[in-house]
Amino acid sequence: MSRYLGLFFDEAQAHVGSALELAPRLADAEAPSVVREVFRHAHSLKGLAATMDFRSMSSLAHAAEDLLDAIRQHEVSPAPAIIEVLQDTFASIQRMLEAAQRGANPEDAGASVVLERLTAVVQGTQAPPSPRLLEKPRSRAGGPVDRTRAKLWRIDLTLRELGSLEGVSRLFRDLAFVGTLRHTSTPSAPSRKGATVGRIRVLLAARCDAAEIETLLKRAPEVRSYAVRVERSSTERLPDTRSRPTWIRVRADLLDRALDDALELMLEAQRVAAAASAADHAPPTERGRLLLRDLYAKLMELRLVPFDSVAPRLTRAVHELARELGKPVRLEIEGRDVRLDRSMLEALFDPLTHLARNALDHGIEPQDRRRELGKPVEGRLRLRLSRRGDRVEIAMEDDGKGIHPDELREAAVRKGLITQRNADRLDDESARMLITLPGLSTRSEAGTVSGRGVGMDVVRAQVDLLGGKLGVASAPGSGTRVELILPLSQAVVPALLFRSCGELYAVPLERVERTLDLSDTRSRTTPEEVRAVRPRLPMTRIEGALSGPVDPPDDGTVLVLSTAEGARSLVVDEVLGRRELFVRPLDAALRGHPGFEGTALLDDGSVILVVDPEGLPADPEVRVY
Amino acid sequence: MFKLDGRWCALSLDRVAGVDDPGEMRIVPGAPRAVAGLTEWRGRVVTVLDLAILTGAPPFSGLRCLVALAPPLDGTAFLVPAPVALRSHDAPHAASRNLSTPSLLDPIALVSDVAAEVSRLARSAPGGRLPRRNI
């Protein structure tokens with residue numbers, strides 16, 4: 001049994017996560033389909049838990065399933081209190097799963113209370129359970145349904161209207177409750193005789209009888225007539241018209257080692273090629289090099305996982321915080337399919353929870369206040385993920401009261417973190433960044449959720465560790481947006497290689513707007529000619545910016561680089577050309593260095609520092625040409 | 001084990017990925033002083049930390065060894081004075097024979113110190129030059 005536990009946890013977590021995420025939408029306009037979907041998750045959880053003999057878990061899921069069924073039958077209205085009980089139920093199941101995964105007793109302290117509440121809701125609010133809930137399903141002939149063997153049902157439908165495809169979709173989802181849809185044809189054209197016919201054939205593999213299918217068909221107003229018959233027993237090979245990827249579980253550490261080996265192999269191949277070329281031997285084939293690169297890319301791809309895999313945990317955390325604070329909040333997540341490095345995703349979970357906690361506690365106003373301000377009573381928290389080249393941008397945005405720079409200045413001075421003089425010097429944007437100082441909170445009293453001045457400093461430290469950047473934007477009265485910009489992972493990056501003060505560097509090619517020869521710009525004399533070839537930008541020299549003043553070069557090249565805040569320029573001694581580099585993030589000791597985003601190796605083993613144009617500090621010896 | 005400023009220091013073997021001669025070192029502008037540089041070790045770039053500076057010991061001269069760290073600190077190495085010895089240390093046995101007990105170094109704490117210093121330097125960086133380093 002234990003060898004199936006891993007699969008059980010994966011599947012159960014996916015169901016409970018989806019249920020938690022959908023639960024707040026049970027009262028929405030599109031509730032019928034949401035109810036069906038949450039019901040399906042509860043049903044699956046019940047079965048999965050029972051199979052693994054997690055009885056309390058199965059009982060809870062069963063009770064939730066009953067309540068959802070009552071909602072589905074319009075016997076119970078999905079009032080906020082009902083939705084809350086369901087959310088608590090799924091949260092309790094999730095805690096049980098986490099405990100079981102740790103090897104602890106899969107019991108949750110709150111489970112019995114939740115179960116009592118669920119039972120009370122079902123018994124107190126709901127009309128007496130329908131006979132369907134009490135009786136076992138029976139076959140058309142009156143005998144018990146044989147659920148041990150699946151059958152392939154052929155269902156021929158004639159539709160009333162071709163236009164009501166939405167209703168047909170609903171029917172398909174209902175059918176998917178009782179089995180697996182193997183095939184659905186598209187509606188045919190109306191017949192010439194004028195009847196509004198569209199014909200659909202459905203193949204459904206299910207362990208049920210015809211009566212159950214017919215009940216669903218009768219409920220669908222789009223269905224004019226139907227015929228249900230057994231196509232064949234599912235013990236035969238059933239046709240599967242959909243091509244689905246198959247999944248296997250892989251040990252993450254083995255994958256990482258394979259990735260390292262592939263990288264080492266690739267570097268070795270480059271060295272062999274360089275050595276062969278130097279010795280005037282035939283170099284290894286281009287095809288071999290491409291195959292290695294392809295292998296490496298595929299392995300890298302395996303490490304990336306969609307953000308969606310942690311979305312349910314975040315949703316649960318937000319839900320629990322919102323309830324603790326008595327602030328109804330809707331969390332919207334955009335860009336769930338954005339894929340990040342597995343370890344980065346794990347490392348990001350706590351910072352994102354901190355951001356949500358801050359938004360809920362400090363940003364989003366209490367219900368009464370929001371009503372007074374004419375804002376929707378339900379606060380909005382939006383998490384947006386997007387991929388930009390080799391980076392991932394994550395923004396957490398709330399519609400709360402925003403951050404008042406003066407409050408932060410005052411709090412920082414009061415706590416002795418900065419002097420009044422320095423506080424007065426800060427512009428509003430810099431003042432908002434004070435929020436990331438350790439020990440700063442604008443709250444006079446610490447609450448159970450936040451206000452102890454820990455949180456944003458932890459977020460910043462973690463983002464630094466991941467080699468990322470953090471920014472805060474806010475409009476008082478309207479809300480706050482915290483942005484994280486993170487490297488996607490170690491990756492092959494087209495880069496421009498250059499030399500500065502005798503050392504080799506590279507910069508991602510996508511950051512290079514243009515290059516200018518410094519001697520050319522000096523030879524020009526008229527202002528028009530000068531403006532035509534050289535930018536009016538501060539010139540930075542890497543060593544000058546990071547280590548101290550250096551002599552300006554007599555000649556060299558200016559790299560005009562793009563950053564989020566506009567263009568900036570870098571003076572370098574010599575541009576060596578374009579290379580494809582395998583860029584690794586800086587290691588734990590150097591992560592957070594402002595000037596560099598990673599390292600790479602050349603064929604001869606030379607170490608290259610990859611410049612981060614965003615983070616490189618301004619050169620104190622700056623000159624505007 | 002190795003001697004630093006005349007005292008035996010030790011790193012637990014499960015923290016060590018390998019010992020090698022230090023290769024050519026690439027300086028990192030703006031890094032704390034304890035960062036000796038970057039070097040290539042077994043096909044990847046490792047950050048080399050000078051253990052003498054990191055522990056406040058006087059700088060050492062002469063032969064040096066690179067001690068590459070094991071996960072989760074792979075990607076980091078310590079620069080230590082040669083020679084490096086392998087010892088199985090039995091503390092009660094050593095105490096009974098009046099042998100000196102080596103200082104067991106905690107690589108995670110040492111690397112964290114450097115990371116914290118890098119973060120501090122980065123925080124002070126916007127708008128101006130990085131201040132002079134302390135570590």
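**Hairpin, helix pair and chain contact in a predicted model**

In chain A, strand 10 and strand 11 form a hairpin with three residues between the strands, and Gly477(A) there takes a positive phi near 95°. Helices (H or I, at least four residues) and strands (E, at least two) are DSSP runs, numbered from the N terminus. The structure is a predicted model, in which local features need pLDDT of at least 70, side-chain atom pairs count only at pLDDT 80 or more, and totals for chains, interfaces and linings use all residues. Residues are numbered from 1 along each chain as its sequence is written, and chains are lettered from A and ligands numbered from 1 in the order in which they are written.

Strand 10 (residues 469–475) of chain A pairs with strand 11 of chain A in the antiparallel sense over seven bridges. Pairing requires that DSSP finds at least two bridges between two strands. Ser474(A) stands opposite Thr480(A) of strand 11. Strand 11 (residues 479–487) of chain A is also joined to strand 9 (residues 391–398) of chain A, by eight bridges, and these two run antiparallel. Here Val392(A) has Leu486(A) in strand 11 as its bridge partner.

Chain B contains an open sheet of three strands, in the order 1-2-8, with mixed pairing. Strand 1 (2–4) and strand 8 (103–104) of chain B stand at the edges with a single partner strand each, so one side of each lacks a neighbour in the sheet. Three bridges link strand 1 of chain B to strand 2 (residues 7–10) of chain B in the antiparallel sense. Phe2(B) has Cys9(B) of strand 2 as its bridge partner.

Helix 11 (residues 311–325) and helix 12 (residues 342–363) of chain A have axes that come within 10 Å and cross at roughly 25°. Axes are lines fitted to C-alpha atoms, for helices over the stretch in contact, and angles run from 0 to 180 degrees between N-to-C directions. Helix 11 and helix 12 of chain A are therefore roughly parallel (angles under 35 degrees). Residues that meet across this pair include Leu314(A), Val318(A) and Leu321(A) of helix 11 and Phe349(A), Leu352(A) and Leu360(A) of helix 12. By class, the contact has 10 nonpolar, one polar and three charged residues. Ala, Val, Leu, Ile, Met, Phe, Trp, Tyr, Cys and Pro count as nonpolar, Asp, Glu, Lys and Arg as charged, and the others, Gly among them, as polar.

Between the chains, 29 residues of chain A are in contact with 28 residues of chain B (C-beta atoms, placed from the backbone, within 7 Å). Elements giving two or more residues to the chain A side include helix 9 (252–278) and strand 19 (596–601). That side has 16 nonpolar, six polar and seven charged residues.

How values were computed: Two residues are in contact if their C-beta atoms, placed from the backbone, lie within 7 Å. Angles under 35 degrees count as roughly parallel, over 145 as roughly antiparallel, 65 to 115 as roughly perpendicular and the rest as oblique.
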